[in-house]
4 protein chains.
Amino acid sequence: MAGNSFGDAFRITTWGESHGPAIGVVIDGCPAGIPLKKEGIQNELNRRSPGQSSITTSRKEPDKVEILAGLFDGITTGQPISLLIKNQDVDSSKYEKIKNLFRPGHADFTYLAKYGIRDYRGGGRSSARETTARVACGAVAKKILQKNKIAITGHTVQIGFIKAEKFSQKEIEKNPVRCADKKAAQKMVNEIRRAKKAGDSLGGIVEVIAKRVPPGLGEPVFDKLDADIAKAMMSLGSVKGIEIGNGFAVSSMKGSEANDELIVKSKRISTKTNHAGGIVGGISNGNDIIVRLAVKPTASIAQEQRTVNRKGRPKKINVEGRHDPCICPRIVPIAESMLALVLADHLLKQKIASIK
Amino acid sequence: MAGNSFGDAFRITTWGESHGPAIGVVIDGCPAGIPLKKEGIQNELNRRSPGQSSITTSRKEPDKVEILAGLFDGITTGQPISLLIKNQDVDSSKYEKIKNLFRPGHADFTYLAKYGIRDYRGGGRSSARETTARVACGAVAKKILQKNKIAITGHTVQIGFIKAEKFSQKEIEKNPVRCADKKAAQKMVNEIRRAKKAGDSLGGIVEVIAKRVPPGLGEPVFDKLDADIAKAMMSLGSVKGIEIGNGFAVSSMKGSEANDELIVKSKRISTKTNHAGGIVGGISNGNDIIVRLAVKPTASIAQEQRTVNRKGRPKKINVEGRHDPCICPRIVPIAESMLALVLADHLLKQKIASIK
Amino acid sequence: MAGNSFGDAFRITTWGESHGPAIGVVIDGCPAGIPLKKEGIQNELNRRSPGQSSITTSRKEPDKVEILAGLFDGITTGQPISLLIKNQDVDSSKYEKIKNLFRPGHADFTYLAKYGIRDYRGGGRSSARETTARVACGAVAKKILQKNKIAITGHTVQIGFIKAEKFSQKEIEKNPVRCADKKAAQKMVNEIRRAKKAGDSLGGIVEVIAKRVPPGLGEPVFDKLDADIAKAMMSLGSVKGIEIGNGFAVSSMKGSEANDELIVKSKRISTKTNHAGGIVGGISNGNDIIVRLAVKPTASIAQEQRTVNRKGRPKKINVEGRHDPCICPRIVPIAESMLALVLADHLLKQKIASIK
Amino acid sequence: MAGNSFGDAFRITTWGESHGPAIGVVIDGCPAGIPLKKEGIQNELNRRSPGQSSITTSRKEPDKVEILAGLFDGITTGQPISLLIKNQDVDSSKYEKIKNLFRPGHADFTYLAKYGIRDYRGGGRSSARETTARVACGAVAKKILQKNKIAITGHTVQIGFIKAEKFSQKEIEKNPVRCADKKAAQKMVNEIRRAKKAGDSLGGIVEVIAKRVPPGLGEPVFDKLDADIAKAMMSLGSVKGIEIGNGFAVSSMKGSEANDELIVKSKRISTKTNHAGGIVGGISNGNDIIVRLAVKPTASIAQEQRTVNRKGRPKKINVEGRHDPCICPRIVPIAESMLALVLADHLLKQKIASIK
C-alpha cells in the first residue's frame with residue numbers, strides 16, 4: 001500500500017536512503033531451484049554504477065552486493081532473497097546549506113508536502129540511488145527469463161536532438177552512451193560534453209526490447225502486460241513518457257496500416273509487422289516486446305537557479321555535487337531490470353491461468 | 001493477482017463479457033458518508049455510450065446502471081458498492097462465422113494463447129465494452145474528488161494528423177469529437193467521415209487534466225502517482241503510449257529549461273512553469289496534472305484483411321458489425337474515469353502517510 | 001484493503017446487504033478450462049439455506065444463483081466469474097422499531113462506531129446472509145479440489161453440552177444437525193428444541209476435514225496454510241475460536257506425545273498419528289487436515305434484553321423475526337466452503353513455488 | 001503472494017534463515033513523524049531472546065538490532081524502515097548428521113515437499129528464529145499504539161496441566177514463565193524442570209490483552225479484526241489454536257448468557273460483560289481485546305525418536321542442540337508483537353473508512 005513493493009508473484013520491496021548506511025531489496029516469490037551467484041548480480045550493478053566514463057558522474061558507488069538470505073548451496077530455496085548494498089563515498093555536508101531550499105526538478109517540496117519531514121541528504125529516498133536495488137533484483141529476474149530463453153536488450157535511441165539511425169547490437173556496450181548506432185553515439189557524447197561544460201544537462205529516449213517472450217503473458221484487464229510495463233517504467237523518477245510498439249506514432253496511423261497481419265513463422269503463429277510492440281489486448285503475442293521511455297534531463301545542474309525556501313521566500317540555489325549530465329546511459333540497465341521484473345512476474349502468474 | 005481489480009484503498013473489480021447477460025463492478029473501499037445518486041453515474045455512462053453522433057458506431061448500448069449494494073438512504077455505508085449494467089442489443093450471430101479466425105489488431109489470438117479457450121462473441125472480456133464498468137465506478141470516484149474540489153477535464157487533442165491548436169473548455173462537449181478547438185473539431189469530424197467511407201479507422205491523442213490536486217498525493221517509489229496513472233491509462237486496450245506534462249518532448253529539453261522554478265502563488269508553493277505536469281518524484285506538487293494518451297485506430301475495420309485461423313492456415317477475414325471509426329471521443333470520459341480512480345485511491349492513502 | 005476480498009490466486013470479493021436487492025460475489029483467478037454448472041452451485045446453496053427443518057429458521061431464502069460472467073459453453077474462461085443471488089422474502093418493517101437500539105451480540109454498535117452510518121435492516125452487510133455468497137464461490141472452489149481428488153467433509157461435533165462420540169460419515173446429511181453420530185444427533189435436536197421453546201439459543205463446535213490434500217500447500221511464514229484457514233474461519237461472524245489437529249488439547253501434551261512420527265504409508269511419506277492436523281510449519285504434510293470451530297449461540301433470541309440506544313440511554317429490546325436457535329447445522333456447508341476457498345488458493349500458488 | 005509479508009497499511013516483510021548471516025524485516029507504511037529509538041526495539045528483542053533463565057535454552061542470541069533505513073534525526077520519515085539482526089553463535093555442524101532425516105514435529109518434510117530443496121541448518125527459514133524479526137517490528141507497531149493510548153499485555157495462563165488462577169500484572173515479568181499468578185508460576189517452573197530432566201517438553205496457553213482499543217477497528221467481512229488476529233497468531237509455528245473472548249467455552253453457553261449487554265461506562269458505550277473479547281462482527285467495541293493461543297510442546301526433544309529419511313527408510317533420530325523445554329514464556333512477547341502489528345494496521349485503515 002505504501003508503495004515500496006512491486007510485482008505479485010515475483011514481488012520486490014526496496015528500502016534505503018541515498019545517505020543512509022545501506023540500501024537493499026527483499027525478493028519474495030523467487031521460485032526454488034534456481035542457481036544464483038553473487039557475481040551475476042554484481043555484473044549488472046557494475047553496468048549501472050556511476051564513474052564508468054568521462055560523461056557520467058565521477059561520484060563513486062562501488063555497490064558491492066551482499067546476499068543475506070534465500071540461497072542454500074548456491075540455489076534459491078523459495079524463501080525471501082535479501083540483497084544489501086552498503087553506501088560509501090557519502091558526503092552529506094553540502095546538503096546542509098540547502099536543507100531549507102527546494103531544488104527545482106527534485107522531489108524536495110513534494111516529499112515535505114506529503115510527509116511533513118524529509119531526509120534532505122542526497123534526496124534521501126527519492127534519490128536515483130534507490131534504483132541500485134532495482135538492478136540487483138532485476139539480475140535475479142533475468143535469471144528466470146534466461147531459463148525461459150527470453151533475452152532483454154536496452155539501448156539509447158536519442159539524446160537531446162541526436163537520434164540513433166542504425167541498430168547494431170554489438171555496438172551498445174562499446175560506447176559510453178549505450179547507443180546501437182556508432183556514429184550517433186559519438187555525436188551524443190559530444191552533445192553531452194557541451195551540455196556539461198555549460199553547466200547544463202540533457203534528456204533522451206531509451207528503448208528496451210524483449211525477445212522470445214512466449215505468447216500468453218499478461219493479466220487482463222488491469223494488470224495487462226503493457227500496463228504493468230508502463231507502471232514499472234514510469235516509477236523511475238526521470239521517466240515522463242512511455243510507449244509500446246509504434247506508441248505515439250500509431251495515433252496518426254490508419255487502422256488498415258496499424259493492424260498487424262497474423263501469419264505463421266517458424267511454425268508458430270506470429271504477426272507480419274509489429275506495430276503493436278508484441279502486446280495485444282494486454283497479452284504478449286510472441287513477437288518482440290518494444291518499449292520506449294522519455295527520459296528528462298538531469299534535474300541537478302551546475303547553474304544557479306531560482307526557487308523558494310520552506311517559508312515560501314524567493315531564494316537562489318546552487319546544487320553542488322557530482323551529477324550525470326545525462327542519465328540515459330545508466331537508465332539502460334535500470335529499464336532492462338524493470339522489464340525483467342515485469343516479465344518474471346507474469347511468467348509465474350501465467351502458470352496458474354489455465355488448467356491445461 | 002488475476003488482473004481484474006485496480007486500486008488499493010479505493011479498489012474496483014470489474015467483470016462481464018461483451019455478449020454475456022451483464023457487466024458490472026464492485027467498489028471496495030468507498031468511504032462511508034458520501035451521497036450518491038444513480039443519475040450521477042448514469043450521466044457519465046451516457047457520455048461514454050455509443051450512438052451519440054454520426055461519427056460513432058450506431059450500435060446501441062443503453063447502459064442503464066443498477067446499484068445493488070453499498071448505499072443506505074442514498075448515502076454510502078462503507079460497504080462494497082455493486083453496480084450492474086445489463087447487456088442489450090446483443091447479436092452474436094456474426095461472430096459464429098469468424099470464431100476460428102483471429103481478427104488483426106484484436107486480442108483473439110492472445111486470449112486463446114493464454115487461456116486455451118476464448119469467448120469469441122464480440123471479443124468477450126477483451127471488448128471495449130468492459131470500460132462501461134470503469135466509467136460507472138469512475139463516476140463514484142469523481143464524487144470523492146468533488147468533495148476535495150478536484151476537477152477533471154478530458155478532451156481530444158489530435159485525430160489522425162489534425163491537431164487542436166486552441167483550448168476552450170466550453171467547446172469540448174459541444175462537438176462530437178470532444179475537442180476544445182472548434183475549428184480543429186470540424187476538421188477532425190471530416191477526417192473521421194472520410195476514413196469511415198473508406199472502411200478505415202483513425203487514432204488520435206487524448207489529454208486529461210486534473211485541477212486543484214493538493215500536493216502530497218502519490219506513494220513512492222513504485223506506486224508513484226504518475227506510475228499508477230500510466231498503468232491505469234495503458235490498461236485501456238486502445239492506448240499505446242502515455243506521457244505526463246511535457247512527456248516525450250522533455251527528452252530534447254535541457255535541464256535549465258525543463259526544471260520548473262518554485263514560486264509562491266496565492267500563498268501556496270507552486271511552480272512557475274509546469275513541464276513536469278504536476279508530479280515530481282511521483283508525488284503531486286499542487287500544479288495541474290496533465291496526461292496525454294496515444295490512442296490507436298480502431299482495430300475493427302470494414303475492409304477485408306489477411307489473417308490465419310486456429311490451425312495457422314492463411315485466411316481472409318471480414319469483420320462485420322458497427323464499429324467506431326475513431327474511438328477518441330469515447331476515450332475521453334473513460335480516461336477521465338481512470339484518472340479519477342487513481343486520484344481517489346491516492347487521496348485516501350494520503351490520509352495515513354503521516355501522523356501530523 | 002477494505003476487507004471484502006479473500007484469497008490471492010483464487011480471489012473472491014463478496015457484496016450485498018441482507019435487505020438490499022441482491023447479494024453476490026466475483027471470483028477473480030479461477031483457472032480457464034473447468035466445466036461448471038449452475039446446478040453444482042445451487043446444490044451447495046440449498047445445503048446452506050434456511051427452512052430445511054423444524055430446528056432451523058422458518059425464514060425462506062430460495063437463493064437462486066445466476067451466473068453472469070466467466071463461462072463460455074459451460075467452461076470457465078479464466079475471466080472473472082460473477083454470481084448473483086436475488087434477495088426475496090425481505091420484510092424490513094420490524095427493523096424500523098429498533099433502528100436506534102443496539103441489539104446485544106450483534107454488530108449494530110460496532111458498525112455505527114466505525115462508519116458513522118449503518119443499514120439497520122436485518123443487519124445490513126453484517127448479516128449472516130453474506131455467507132450465501134461464500135457458499136456460492138465455495139462450490140466453485142470445490143470443483144478445483146475435486147480435480148485434485150481432495151474431498152471436504154464438515155459435521156457438527158458438539159451442540160451445547162452434547163458431544164458426538166462416533167463418526168459415521170453417511171449419517172451426517174441424514175439428520176438436521178449434520179452430526180456424524182446418530183444418537184448424539186437426536187439429543188442435539190432435542191436440546192435445540194428446548195432452547196427454542198425457552199426463547200433462547202445454543203452454540204456448538206463444527207469440524208471440517210480435508211482428505212487427500214497433497215503435501216506442499218501453504219506459504220510460509222505469514223500465509224501458512226493453517227494461518228489462512230484460521231483467518232477464513234474466524235471471518236465468520238459467529239466463530240470465536242479455531243483449532244487445528246489436537247488444537248487446545250495439545251497444550252497439555254508432552255513433546256514426546258505430540259510429535260507425529262514419520263512413516264511410509266502406501267509408498268508415500270506420512271505420519272503415524274495426526275496430532276498436527278495435517279499441517280506442519282504452515283505446510284500440508286499429506287495427512288488429513290482437521291479444523292474445529294467454536295460457534296457462539298445465535299445472538300438473536302426471543303427474550304427481552306437490556307441495551308442502550310444511540311444516545312446511550314438504557315432501553316429494553318425485543319428482537320423479532322425468525323432466527324435459527326442454533327446455527328451449527330448451517331455453519332457446516334459454510335465452513336466447508338471456507339476451507340475449500342483456502343485450499344483452492346494454495347493449490348494454485350503451489351504451482352509457482354518451485355521450478356521443479 | 002509468497003507469504004513473507006503481513007499487514008496492508010502497516011506492512012512488514014521478514015527475511016532470513018536461522019543459520020544464515022542475518023535476519024531482518026522491512027516495514028512499509030509506518031507513518032512519518034514518529035520518534036523511534038534503537039533502544040525501544042532492543043528492549044523487546046531482549047524480552048524474546050533465549051538464555052534468560054534456567055528454564056529457557058542456554059543458546060545465546062544477542063540479537064543486536066540495526067536500523068538501516070526509514071529514520072531521519074530519530075523520526076520516521078514515512079519511508080521503509082529496514083531492521084537487521086546479525087546471526088551469531090551459529091553452529092551448523094550438528095545438522096549435517098541429520099540432513100537426510102525428517103525431525104518429527106518440524107517442517108523438514110513439508111518444506112522439502114513444497115520446494116524440492118531445504119536449508120536444513122537449524123530449520124532454515126522455518127526456525128522460530130524468524131520471530132525475532134516480528135518482535136523487532138512489533139516494537140515499532142507498539143509505538144503507534146502508545147500514541148493511541150493502547151496497551152498490550154501478554155502472559156502465560158497454562159503450562160502442561162498447571163493453570164494460572166489469579167491475575168496480578170506486576171508479577172508477569174518477575175518470574176521466568178511470565179505468569180501473572182505467582183504461585184502457579186512456581187509450579188510451572190517445576191513442571192518445566194521435570195520435563196527437561198526427562199528429555200521432554202511442554203506446551204501451554206498464552207493470553208494477550210489489548211486495553212483501550214477504540215471502537216471501530218476491523219474491516220468486514222474478511223479482514224475482520226479477529227480474523228486478522230487469528231491469522232497473525234496461527235502464523236506462529238507452535239500455535240495450534242486461537243480463541244477470542246470466551247472462545248471455545250462460548251460454544252456451550254446459551255445466547256441469553258453469551259450476549260454482552262450494552263451499557264454506558266465513563267460516558268462511552270461499552271458492554272457489561274465481555275464474553276465477546278472486545279470484538280463484535282469483526283469490529284472492536286471498545287472493550288478489552290482478549291486472545292488466547294494454544295502452544296504446542298517444543299518439537300525438539302532430547303529423546304531418540306523414530307522417523308524416516310528422504311528415501312522413506314525408517315530411521316532413528318537424535319535431535320541435538322539446546323532447545324527450550326517450553327516455549328510459552330518466549331511466545332509472550334512474540335504474541336504481543338503480532339497483536340500490536342494487527343492493531344497498528346487497522347488503526348491506520350480506520351482513518352479512511354469514513355469521511356466524517
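Predicted model: local features only at pLDDT ≥ 70, side-chain atom pairs only at ≥ 80, totals over all residues.
Local features need pLDDT of at least 70 and side-chain atom pairs count only at pLDDT 80 or more, while totals for chains, interfaces and linings use all residues. Residues are numbered from 1 along each chain as its sequence is written, with chains lettered from A and ligands numbered from 1 in the order in which they are written.

Strand β16 of chain A spans residues 289–295; strands (E, at least two residues) are DSSP runs numbered from the N terminus. Seven of its seven residues are buried, so β16(A) is largely enclosed by the rest of the structure. Buried means that 20 or more other C-beta atoms, placed from the backbone, lie within 10 Å of the residue's own. In a regular strand the side chains alternate between the two faces of the sheet. On one side of β16(A) are A:Ile289, A:Val291, A:Leu293 and A:Val295, and on the other A:Ile290, A:Arg292 and A:Ala294.

Between chains A and D, the contact (C-beta atoms within 7 Å, placed from the backbone) takes 35 residues from each chain. On the chain A side, β2 (11–16), β3 (22–28) and β4 (65–69) each supply at least two residues.

In chain C, C:Val26 lies in strand β3 (residues 22–28) and counts as buried because it has 32 C-beta neighbours inside 10 Å. Leaving out residues up to four places away in sequence, C:Val26 touches B:Thr13, B:Trp15, B:Val26, C:Thr13, C:Pro80 and C:Ser82.

Key: Buried ≥ 20, exposed ≤ 12 C-beta atoms within 10 Å, placed from the backbone. Helix = DSSP H or I, 4+ residues; strand = E, 2+ residues; numbered from the N terminus. Contact = placed C-beta atoms within 7 Å.
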